[in-house]
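Please look over the sequence and the model shown here.

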Amino acid sequence: MMDLTGKNAVVTGSSRGIGKAVALKLASLGANVAVVYAGNKEKADETVKELEALGVKAICYCCDVSSAEQTKQLASQVIADFGGIDILVNNAGIVKDGLILSMKEEDFDKVISVNLKGAFNMTKAVYQHLMKKRRGRIINISSIVGLNGNAGQANYAAAKAGIIGLTKSAAKELAARNVTVNAIAPGFIETEMTDAIPERAREAALAAIPMKRPGQGEDVANAVAFLASDEAAYITGEIIKVDGGMAI
Ligand code: NAD
């Protein structure tokens, strides 16, 4: 039985969507949660209330993960408030889709900056702390698009593929310190991000899923919880697809 009682988790982008499902799942297993949000304090406060109702400690923090300075301050503040960090889930992400021919330079830079550099910044911010503790878990949310590519998402796919390289490199750097670093590659998960996809593209995506249903945040959260648990102690540098078979 997985148990995270007393562990402290930082989950970026956890005021909604997959991040919120992850926060709730970790809390249901006993973990305290630092809810990191980009701008919507109301939603972050709501998440904190739901987490507290599960009997754990929860605090929300406004932080733009693309800022190295802000992530550094965030990590110190969380360590001061919770007494330490055991689990980092790099979930924050954005899309700015378009074909390469029409993709604006700033839309490429922005997606790399939040999705890839954000995960790097957060990893760096907790690196020394986890090394000193000689135990820890980092779980990065990539995407099957990072494995297979996707027309109209060159920026997003490049960032998500970059996350896989970051995950494997960090796994090699931190393994001797008993810190595991893994990634999850979700397929098509129903959230506000996928709600924005036009109906025809949505139907095409659903038709490409062997299990014939979209995933839910909870499907991703269950895999995150496993990787965060003691049961996954000997797994590092791994990429787990949670996609109903979409990328087989
Ligand atoms: P979402 O848009 O509902 O949530 C994204 C979260 O990231 C939001 O809470 C947002 O506030 C936060 N965020 C955005 N920019 C940020 C920044 N600069 N600093 C801090 N936080 C920031 O999307 P979601 O579907 O829940 O996606 C969560 C993660 O899962 C993303 O990394 C996404 O790329 C990935 N993913 C989603 C799917 C899917 O089908 N929904 C598939 C594969 C991967």
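## Buried or exposed

A residue counts as buried when its relative accessible area is under 20%. Over 50% it is exposed, and in between it is partly exposed. By that cut-off arginine 202 is buried, because its relative accessibility is 15%. Keep in mind that this is a predicted model.

Side chains of opposite charge can pair when their charged atoms come close. The structure holds eight salt bridges.

Take lysine 20 and glutamate 50. Their side chains meet in a salt bridge, 2.9 Å from N to O. Lysine 20 is buried, at a relative accessible area of 15%. Glutamate 50 is partly exposed, at 33%.

Next come lysine 133 and aspartate 86. They form a salt bridge whose closest N and O atoms are 2.7 Å apart. This pair also links distant parts of the chain, 47 residues apart. Lysine 133 belongs to helix 4 (residues 105-133). Aspartate 86 lies in the loop between helix 3 (68-82) and strand 4 (87-90). Lysine 133 is partly exposed, with a relative accessible area of 33%. Aspartate 86 is buried, at 7% relative accessibility.

What does buried arginine 202 pair with? Its side chain meets that of glutamate 190 in a salt bridge, 3.1 Å from N to O. Glutamate 190 is in the loop between strand 6 (179-186) and helix 7 (192-195), and arginine 202 is in helix 8 (residues 199-207). The two are 12 residues apart. Glutamate 190 is partly exposed, with a relative accessible area of 32%.

Some charged residues join in a group. Arg16, Lys43 and Glu192 are linked in a network of salt bridges.

## The nonpolar cores

How many residues make up the largest nonpolar core? It has 35 residues. Among those with the most contacts inside it are Val22, Leu26, Leu51 and Val224. Several elements give two or more residues to this core, including strand 1 (8-12), helix 1, strand 2 (32-37), helix 2 and strand 5 (136-141). Helix 9 gives the most, with seven residues.

Leucine 51 shows the packing up close. Leaving aside neighbours within four places in sequence, leucine 51 is in contact with Ala23, Leu24, Ala27, Val33, Val35, Val56 and Ala58. There is also a second, separate core of 23 residues. That second core includes Tyr61, Leu74, Val78 and Met122.

## Around the ligand

There are 26 residues around the ligand. Arg16, Asn91, Tyr156, Ile189 and Thr191 come nearest. Arg16 is also part of the salt-bridge network with Lys43 and Glu192.

Which parts of the protein face the ligand's oxygen atoms? A polar backbone atom of glycine 13 is 3.3 Å from one oxygen atom of the ligand. For glycine 93, a polar backbone atom is 3.4 Å from a ligand oxygen. Threonine 191 uses its side chain: a polar atom there lies 2.6 Å from an oxygen atom of the ligand. Taken alone, the ligand exposes 830 Å², and the protein buries 93% of that. Helix 1, helix 6 (154-174) and helix 7 are the elements that give two or more residues to the shell around the ligand.

How values were computed. Residues are numbered from 1 along each chain as its sequence is written. This is a predicted model: local features need pLDDT of at least 70, side-chain atom pairs count only at pLDDT 80 or more; totals for chains, interfaces and linings use all residues. Side-chain values use heavy atoms; hydrogens and water are left out. A salt bridge is a side-chain nitrogen of Lys or Arg within 4 Å of a carboxyl oxygen of Asp or Glu. Buried means under 20% relative accessible area, exposed over 50%, partly exposed in between (1.4 Å probe, protein chains only). Helices (H or I, at least four residues) and strands (E, at least two) are DSSP runs, numbered from the N terminus. A nonpolar core is a set of buried Ala, Val, Leu, Ile, Met, Phe, Trp, Tyr and Cys residues joined through side-chain atoms within 4.5 Å. Contact means heavy atoms within 4.5 Å. A residue is near a molecule or strand if one of its heavy atoms lies within 4 Å of it. A polar contact is a pair of N or O atoms within 3.5 Å; within protein, one must be able to donate a hydrogen and the other to accept it, and residues adjacent in sequence count only if both atoms are side-chain atoms. Accessible areas come from the Shrake-Rupley method with a 1.4 Å probe; for residues, only the protein chains shown count as cover.
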